Amino acid sequence: VYTGSIYRDQGLLKHGFPGESVHNSTVIAIKTHEYGPETRRKYARAVLLVRNPFDTLLAEFNRQFGGHIGYAGPERFQQDNEKGWNRYVAVSSETWLTFHLDWLKFDGDLHILYYANLKNNLLAEVQNLARFLGHTMAPQIAACTARNSRGRFKREKYQLPFLPFTEQMIADIDRKKALVEEGIRKHMNASATVVL
């Protein structure tokens, strides 16, 4: 069972993602970071993977400057230019907010999948996802998923020797996070539990 992508990342293609760059009905799902009415109209149903914005921002900054499993060097966080941390956080946290609020406007069936739940209860979350996509998970697929849950593109834990987020950044990101949480609750129902 392959997942596809609108992108063509050669590293992913070579190391276990044969559906990379496939974006048609031969794959079970298609990854995109795009949003907007034209993008949403391309799909009959969607999965919105929601991750805590602080973790998302750090992970993407590390990917941009350290590859899929590396890290941005501490000096990258100190740069005060177009590619520096301060500018990155301002722009990317706004994109995080806009992306999520936009996909919550999706007209078709929308499955909200929390990254934290995937980490804590992988098999149950993947089984729920498979059901949403109209598939059942055979026992051998579930066993394979459990065996390979780490994957090849998992960064080792690493603690920066300083706090990367300033108080102002934290306040701004917390405000954006609250807006997404509120949007999810409205989309689902008023009593929904939001796990960011």
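I began with Ser21, which sits in the loop between α1 (10–14) and β2 (30–31). Helices here are DSSP runs of H or I with at least four residues, strands are runs of E with at least two, and both are numbered from the N terminus. This is a predicted model, in which local features need pLDDT of at least 70 and side-chain atom pairs count only at pLDDT 80 or more, while totals for chains, interfaces and linings use all residues. Residues are numbered from 1 along each chain as its sequence is written, and side-chain values use heavy atoms, with hydrogens and water left out.

I looked up the backbone of Ser21 and found phi near 80 degrees, a positive value in a residue other than glycine. Ser21 counts as partly exposed because its relative accessibility is 22%; the class runs between buried (under 20% relative accessible area) and exposed (over 50%), with a 1.4 Å probe and protein chains only.

Next entry: the fold. I counted nine helices and four strands in the chain. Their order along the sequence is β-α-β-α-β-α-α-α-β-α-α-α-α.

I then checked the overall dimensions. The C-alpha trace spans about 50 × 40 × 30 Å along its principal axes. The radius of gyration is 18 Å, which agrees with the value near 16 Å that a compact globule of 196 residues would have. That radius is taken over C-alpha atoms, and the globule rule is 2.2 Å times the number of residues to the power 0.38.

Of the 196 residues in the chain, 34% are buried. I read the accessible surface as about 12300 Å², with 52% of it belonging to carbon and sulfur atoms; the areas come from the Shrake-Rupley method with a 1.4 Å probe, and for residues only the protein chains shown count as cover.

For contacts (heavy atoms within 4.5 Å), I took the pairs at least 6 apart in sequence, and 69% of these join residues at least 24 apart.

Charges came next. The chain has 26 positive and 20 negative charges, and their mean positions are 6 Å apart. Lys and Arg count as positive and Asp and Glu as negative, with His and the chain ends not counted. Each charge is placed at NZ of Lys, CZ of Arg, CG of Asp or CD of Glu.

I found six salt bridges in the structure, each a side-chain nitrogen of Lys or Arg within 4 Å of a carboxyl oxygen of Asp or Glu.

One of them joins Arg40 and Asp102, with the closest N and O atoms 2.6 Å apart. Arg40 is in helix α2 (residues 37–41) and Asp102 in helix α5 (residues 85–103), so the pair ties together parts that are 62 residues apart in sequence. I noted that Arg40 and Asp102 are both buried.

Helix α9 (residues 167–188) holds both Arg175 and Asp172, three residues apart, about one turn of the helix. Their salt bridge has its closest N and O atoms 3.0 Å apart. Arg175 is partly exposed at 44% relative accessibility, and Asp172 is partly exposed at 25%. I also traced a network of salt bridges that links Glu94, Asp172, Arg175 and Lys176.

Lys186 and Glu182 also lie in helix α9, four residues apart, about one turn of the helix. Their side chains form a salt bridge at 3.2 Å, N to O. Lys186 is exposed, with 64% relative accessible area, whereas Glu182 is partly exposed at 37%.
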